[in-house]
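Let's take a walk through this structure together, one stop at a time. Keep the 3D view open and follow along.

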Amino acid sequence: MPQTLYDKLWQSHVVRTEADGTALLYIDRHLVHEVTSPQAFEGLKLAGRKPWRISSIVATADHNTPTDHWERGIEDPVSRQQVETLDANIREVGALAYFPFKDARQGIVHVVGPENGATLPGMTVVCGDSHTSTHGAFACLAHGIGTSEVEHVMATQCLLQKKMKSMLVRVEGKVGAGVTAKDIVLAIIGKIGTAGGTGYAIEFGGSAIRALSMEGRMTVCNMAIEAGARVGFVAVDDTTIAYLKDRPFSPKGEVWDRAVAYWRTLVSDADAAFDAVIDLDASQIKPQVTWGTSPEMVVAIDGQVPAPEDFADPVKREGVERALQYMGLTPRTPIKHIRVDQVFIGSCTNSRIEDLREAASIAKGRQKASNVRRVLVVPGSGLVKKQAEAEGLDKVFVAAGFEWREPGCSMCLAMNADRLEPGERCASTSNRNFEGRQGNGGRTHLVSPAMAAAAAIAGHFADVRDIL
Amino acid sequence: MRAFTALDGLVAPLDRANVDTDAIIPKQFLKSIKRSGFGPNAFDEWRYLDHGEPGMDNSKRPLNPDFVLNQPRYQGAAILLTRDNFGCGSSREHAPWALEDYGFRALVGTSFADIFYNNSFKNGLLPIKLPAAEIDELFAQVAITPGYRLRIDLAAQTVTRPDGKMLSFDIDPFRKECLLNGWDDIGLTLRHADAIREFEAKRRIEQPWLFN
């Protein structure tokens, strides 16, 4: 019987199955960061248990770390304690690799894993972080877990899981100039909604997905969770294999050849059946901007803020009213008329080298608008930062009046000092526009790196296609 | 894990869709390295008029009188009535920890985000999915009935309304069994340690690159 990629990933990890289909799934890679792990390490210790396989663990500190003045250390004592707790736990327990605060390879866990070759096709990858779906770009079965499950994986190298339904999101055709992976995934979320993928594992396919770089595919898979799906992935092809060659933890020599032969099988069979199929025409996708407090509240740059009466469902209508009030927006305002106070370029969605190149190409030779208080550019990792500096991107940003920072999660969730003030409006390349996400009372509009840079220059949302 | 068998509890209605885990427990409280004490900060940004930070004396903070959980009639609620896609967003288990610590033992709604749904079971917090029409009726009944309570029987998979109408819900048999008995997942899984070791040994031969 023809199999989907999900069938293959699932089947190859089942240790045993309960009568109701609940399976014990073997976990290959466990990514660990400081926020969701302390209680798991403590639980393990209290029960007198040891980690099952230390070599599955790759750890880094990212959520709490500051993005400037590293010489001062972590000034917030509560944040510092959490990072020091991770240091102590990894020191005691061990790991395949640990990239602590200030390490040359430290960074956002979902950037660090792939760039070091610690994320390989066919793996199950888990992390106490919902954006673990990012790793699906490598044809991994990758998803976020809670802290109890972090402890469960440490103790048993397995997770209790029920097989999800399968969804194929097929994006065919060619996107226009200035339209990026971020716009593709925002358009998908706009179409199916933030609960559209609940209960599904999403395979992203079609010629527009195939045409994306690994960085672009990571952006798309990253936001599967914003479409409600814990898991999103892309089949293996030449792009996948070329990216992985010679990464620090990628296999080498004869083992590499064996691995590649296996990885080539990680595609859905031609006649495989999905529980749901969604089709998008890439040529119709325009640069996207969210206007509300849920990622599904999204329109194209040439659109306008909707009105509550556009929505028939009363619960939805009320949600729109509440979002408009929180966002301080009037119905029918053209998106291009919305002015921004801050711009954030970073996060596990858009902080890789390609994202920074994209933003720099817009910023080059231009200046931040005077009404924009601050533009933060936060690379995803120390390695991304180094690469960007080698290409001179940092100089482009600084010349444009942007701030070039140290790597970390930063203002995506504002656990460190980078945040919006109440009422401030931000063009952000991150993944969530929830109330208070980037700071209490802050107003977030999700966009691509190019669109964020364009907003920084114009002082309001602008169509990047007019600037190119 | 705390067992859940049956519950007769006061119902509080939270009538909005897509309640995300950032709303349930804002990020500044995630800096804690403990798994308890999150209840006073559940729904912090909606519940209080000022901005909350870890270490504040929450009993002295100004409450938002418009937030539903602050209304006198819902004090002591053990069941939260919710709408679509409750618990969406981040995987933070601090969300069910906060709800449980606040005093909720069950959630009743149309749909829950996958990771949140899973996390709830690990903490003896029972998320119950019911059809939209039944949820609409529950919201309508709660609104006009002070002291509105529901009886939940996990073994029978039923929710009973004060008017006697019984609603049935689905739940995976394995989850149900674990929750009824309060079993520790890890202990349960470790009973299969030999099977895991065998699987791992085979994998090590077939895909050695996974074990460097």
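Predicted model: local features only at pLDDT ≥ 70, side-chain atom pairs only at ≥ 80, totals over all residues.

Residues are numbered from 1 along each chain as its sequence is written, chains are lettered from A and ligands numbered from 1 in the order in which they are written, and side-chain values use heavy atoms, with hydrogens and water left out.

Start with helix 2 (residues 38-46) and helix 5 (residues 147-156) of chain A, which pack at an angle of about 50° with their axes 8 Å apart. Helices here are DSSP runs (H or I, at least four residues), as are strands (E, at least two), and both are numbered from the N terminus. The axes are lines fitted to C-alpha atoms, for helices over the stretch in contact, and angles run from 0 to 180 degrees between N-to-C directions. Helix 2 of chain A and helix 5 of chain A are therefore oblique to each other. On the helix 2 side of chain A, the contact (heavy atoms within 4.5 Å) is made by Gln39(A), Ala40(A), Phe41(A), Gly43(A) and Leu44(A), while helix 5 of chain A brings Thr147(A), Val150(A), Glu151(A), Met154(A) and Ala155(A).

Next up: salt bridges, meaning a side-chain nitrogen of Lys or Arg within 4 Å of a carboxyl oxygen of Asp or Glu. How many does the structure hold over all chains? There are 42 of them. One pairs Arg53(A) with Glu200(B), with the closest N and O atoms 3.4 Å apart. Arg53(A) sits in the loop between helix 2 and strand 4 (57-60) of chain A and Glu200(B) in helix 8 (residues 193-206) of chain B, so this pair joins two chains. Both Arg53(A) and Glu200(B) are buried; buried means under 20% relative accessible area, exposed over 50%, and partly exposed in between (1.4 Å probe, protein chains only).

Over in chain B, Asp136(B) and Arg83(B) meet in a salt bridge at 2.6 Å, N to O. Asp136(B) lies in helix 5 (residues 132-144) of chain B and Arg83(B) in the loop between strand 2 and helix 3 (94-102) of chain B, so the pair ties together parts that are 53 residues apart in sequence. Is Asp136(B) buried or partly exposed? With a relative accessible area of 40%, Asp136(B) is partly exposed, while Arg83(B), at 10%, is buried. Back in chain A, a network of salt bridges links Asp68(A), Glu403(A), Arg405(A) and Asp418(A).

His69(A) isn't a glycine, yet its phi is positive, near 45°. You'll find His69(A) in the loop between strand 4 and helix 3 (77-93) of chain A, and at 38% relative accessibility it counts as partly exposed. Ser410(A) isn't a glycine either, and has a positive phi of about 50°. Ser410(A) is buried, with a relative accessible area of 0%.

Our last stop is Ala456(A), in helix 15 (residues 449-458) of chain A. At 0% relative accessibility, Ala456(A) counts as buried. Leaving aside neighbours within four places in sequence, the residues in contact with Ala456(A) include Val343(A), Lys368(A) and Phe402(A).

Note on methods: Parallel < 35°, antiparallel > 145°, perpendicular 65-115°, else oblique.
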